[in-house]
Amino acid sequence: MKILIIEDEPELAQSIAEYLKSENYLCEFAVTFSEALEKVTTYEYNCILLDLMLPGGDGMKILEELKKQDKQDGVIIISAKNALEDKIKGLHLGADDYLAKPFHLSELAARIYSVIRRRQFTNANVIQQNELQIDLLAKTVLIHDKPVILTKKEYDLLLYFIGNKNRVISKNALAEHLSGDFADMLDNYDFVYAHIKNLKKKLTEAGCDNYLKTVYGTGYKWEND
Amino acid sequence: MEQATNGKMTKLLNKPLRVFTIYALLVLGASIPVYYLILDGVWIHELDKHNRMIKRKIEGKFAEITVNDTLLQQTLHLWNGVGAGTDLQSVSDGILRKDSVYTVTRINHFHAKEREERFRGLSAYFLINGKPYRLTVETNVEETDEAIADIAFVTVIFFVILVLGFILLNKKIATKLWQPFYTTLNQIKGFDLSSQQEITFEKTNIIEFEELNQTLQKLIEKNISSYQEQKEFTENASHELQTPLAIIQSKLDLLLQSEYLTSQESEIIEATHKALARASRINKNLLLLSKIENQQFIDTKTINFSQLINDSLDFLSEHIEWKNITVEQQIEQDVMIEGNKFLLEVMVNNLLLNAIRHNIENGKIKVAFSKSHFVISNTGNSRSLNHNNLFKRFSSTSTETPSSGLGLAIVKQICNRYHWQIQYHFDQSQSLHGFLVNF
């Protein structure tokens, strides 16, 4: 899997690459507009992370270029602006997702996972992990070929974990994922715990191995080799 | 024109009017004795001339005629007895004195009312038949009190005319001369800094007003530009902060992946995460506030507000259930409101979140909504919140319930945007804190 990180802030680009490394993603970097343009026209990537404010030009132009060349690369905009117009314009120009800075790396990883899944046409709609089978189109979960009924939030959490295999996810990141902007306005993250407890219970009761581990004091981890 | 609120305050123009009136009174009052003295002087002078003329006539006539002393004595006796204002007597000591004038007041027997009258007299000496004679000529002069009364009467009439003129002119001046001033005043009264609308003052040909207008114009322009700068500064600062915040967040996420973390270290990371989330939230809210202030989010639609509230309640339902809060709803269905969907969602969510966060366990939230208003109230602390700074930025931040301190400021800003009124009220008996938005 090849990922292009178009981001002029080296520290952030480094962090992203470091986090994605363990998932067998191969990350390349582009710091300036012209560099980015050259790379997207020359090579193909499974996913492009695009910062809109680049030295030398507007990131939107890269989207336009991709569209003009009919490229199939998945694109996630990562922007500090968080402007609704940018989001609408970006999605309209063919971007798959929009993530406002600052974001959790786990959130980014989950979205990259989802974008890549959507862009792959063969067997892309079904995630198979041992006894666990997730149908992305039908949004159903099967364990040992038997359906397990999950709430929307539990299903969301499950996909989030699958997209962040073997990595520790902070409660904070999960709370933000579940309640968006409100997360930090809530006094505690107990509701996260409640959802996870339910998810865990449903999965194990259906005969699924306990992949979801609690990491003391910090968060959770989906362990699977 | 709005009247001055303080009873002791007067309009600028009434001040000189009062002073002018007093001054006119003093001047006219002082003019009464002056007029009298001048008039009396002229009178006396003229009467003296008149008396001397009579004397010269009499003296001349006696010089022309020749009469013997006996006849003269008889005639004089008769003439003097008539008392026609002249009196001719022989001088007993035989000395021919110089002419002199005098003023005398005595009863005038010939006047109908027999009262004291003032006379101006001349005593002159001349020779008839070689003998010295004294002639006294007396003419009636206007009395002092009468003259003063006459002058005073006229003066009062003029004073009244003067004051009436002052008042009339003053009114005319007030409406005409000061009109540019009042126009300017009204324009400044209507000035709203946040609307960023510059004021263009009318041109006037009065130097002082033109200077005032120009100075005000400069002041307003400066204000607007510094307000603009400040708003831009907030927006830019928030933007600039996003990237370092993103870096810190990513580094923390990476640090969390370390296999060798002790539980103590993990807790430190967790605490840092929380604080960072709060910093990000404050930053995002500041950005949102300055965007609303900068008149972004301009696209408005007709929005089903009832639906929006229901969605919001649904979205937050797990948090409501978590605290075991009962929600009482009085929502009128399908009420449509004009506005920006995002802003309306932010407003409702902020109010609802506050109602949840500041609620007690097993508490209550009341949501009432109609075409004209919208109320969210919640049980909570038994103390009323501070009305004065409730909607100010960072005023409500407390250590018990950490928040961005901007939630209500944003709600207020959104209400301002659509000219809605927002009020806070507190019901002591039920410890119910309510926020009312009037559309």
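A residue counts as buried when its relative accessible area is under 20%, as exposed when that area is over 50%, and as partly exposed in between (1.4 Å probe, protein chains only). B:Ser280, with a relative accessible area of 5%, is therefore buried. The structure is a predicted model, in which local features need pLDDT of at least 70, side-chain atom pairs count only at pLDDT 80 or more, and totals for chains, interfaces and linings use all residues. Residues are numbered from 1 along each chain as its sequence is written, chains are lettered from A and ligands numbered from 1 in the order in which they are written, and side-chain values use heavy atoms, with hydrogens and water left out.

**Chain A**

- Chain A has 8 helices and 14 strands, which are DSSP runs (H or I, at least four residues, for helices; E, at least two, for strands) numbered from the N terminus.
- Of the 225 residues in chain A, 52% are buried.
- Contact means heavy atoms within 4.5 Å; among contacts in chain A between residues at least 6 apart in sequence, 59% join residues at least 24 apart.

**The interface between chain A and chain B**

- The contact draws on 43 residues from chain A and 39 residues from chain B.
- About 3,900 Å² is buried between the two chains, 60% of it on carbon and sulfur atoms; buried area is the accessible area (1.4 Å probe) that two parts lose on being put together, summed over both.
- Between chain A and chain B there are 2 salt bridges, each defined as a side-chain nitrogen of Lys or Arg within 4 Å of a carboxyl oxygen of Asp or Glu.
- A salt bridge joins the side chains of A:Glu11 and B:Lys251 (2.8 Å, N to O).
- On the side of chain A that touches chain B, α1 (10–21), α5 (105–119), β12 (168–170), α7 (171–179) and α8 (190–205) each supply at least two residues.
- The most comes from α1(A), with 6 residues.
- This side of chain A divides into 18 nonpolar, 12 polar and 13 charged residues; Ala, Val, Leu, Ile, Met, Phe, Trp, Tyr, Cys and Pro count as nonpolar, Asp, Glu, Lys and Arg as charged, and the others, Gly among them, as polar.

**Individual residues**

- B:Ser280 lies in helix α6 (residues 263–293) of chain B.
- Not counting residues up to four places away in sequence, B:Ser280 touches A:Pro102, B:Leu245 and B:Gln249.
- A:Cys208 counts as buried at 6% relative accessibility, and B:Cys415 is buried with a relative accessible area of 0%.
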